[in-house]
Amino acid sequence: MNPNIKGALLALLAFGIFASHDVIIKVLGGGYSPVQIVFFSVLFGIPLAMLALLRDATHGTLLPRHPWWMAARTIAAMITGFCAFYAFSVLPLAQVYAILFAAPLLITILAVPMLGEPVRLRRWVAVGVGLCGVLVVLQPGDAELGLGHLAALVSAICGSFASIIVRKIGREERTIVIMLYPMMANLVVMAALLPLVYSPPPIEDLGRLAVIALFAWIAGLFLIAAYNTAEPIFVAPMQYSQIMWAALYGLLFFDETPDMATIIGSTIIIGSGLFIVLRESRAPDSEQPVLRTRSRHETGTAPRISGFINPTRRWRKTDDGDLPK
């Protein structure tokens, strides 16, 4: 099988599992605070992180080389996870994804001041069009906006900020350090808040919480494999497949049908994101903030994708297609 096709299929599988992970969050969100869901999902994810730590042969300590950037990323990742969990709990799945899909647009914007990367006119136009798509989904003035919409927007913004920081310091920090700090911070902060909102979960809900951690970990590994197999241009667009899973799961489990504003806005946002990805695929490596970020909205339960990508992998064009060099 062509490596790019294989990588795309692996990415589709990964995002399908991520969508199932989000469905469980929504199911549990009807009865528990996001604080409790984040705490237990991270708690169950720690043994998996310890396995990664034991297998990490990179020399060094667990102290970050860029403590201030790591602190900023940790805070941003915590806010991202909490807000995403809350948004999935109170909003239709398709609507949450539509807002989170604004992340590539935000990454393109943030890459200018944080990475000094040039963004040319056509990509700025695509960003503007995509942000208009977000407004179509939100319908300010026509629909009642709630905390769930704000949470989804904050999750998209903070997740983009956290991803850009990884792009900025990722070559100098150990992967396990980038992954562990948000997990441990989530665990400590949510544990401190837990007595305020704790509701004793039955054994089946504890099992669902464990499945959240397991699904996030498995999906993260499939996505790592996808990026190590195929070119980013074939993997990155697969994230938009989650909108189809959202429509299917929403209809089957929550009696949700995307309204016309969500459908139109999602189409605009996805089209803008695909245009940006396509433009970046033709640009030098230094001008690919979205393709080289390789992120999914963070919940603190999955392996950090970017750090596991093989940095020595390069591609060449042949008559038989794209093959690894």
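**View 1. Order of elements in the predicted chain.** From the N terminus on, the elements of the protein chain run α-α-α-α-α-α-α-α-α-α-α-α-β-β, that is, twelve helices and two strands. Helices (H or I, at least four residues) and strands (E, at least two) are DSSP runs, numbered from the N terminus. This is a predicted model, in which local features need pLDDT of at least 70, side-chain atom pairs count only at pLDDT 80 or more, and totals for chains, interfaces and linings use all residues. Residues are numbered from 1 along each chain as its sequence is written, and side-chain values use heavy atoms, with hydrogens and water left out.

**View 2. Helix H5 and its packing.**

**View 3. Bend and end of H5.** H5 bends by about 30° at isoleucine 109; the bend is the angle between axes fitted to the seven residues ending there and the seven starting there. After H5 comes glycine 116, with a positive phi near 70°.

**View 4. Valine 112 in H5.** Valine 112 lies in helix H5 (residues 103–115). Because its relative accessibility is 32%, valine 112 counts as partly exposed, a class that lies between buried and exposed (over 50%).

Definitions and conventions:
Buried means under 20% relative accessible area, exposed over 50%, partly exposed in between (1.4 Å probe, protein chains only).
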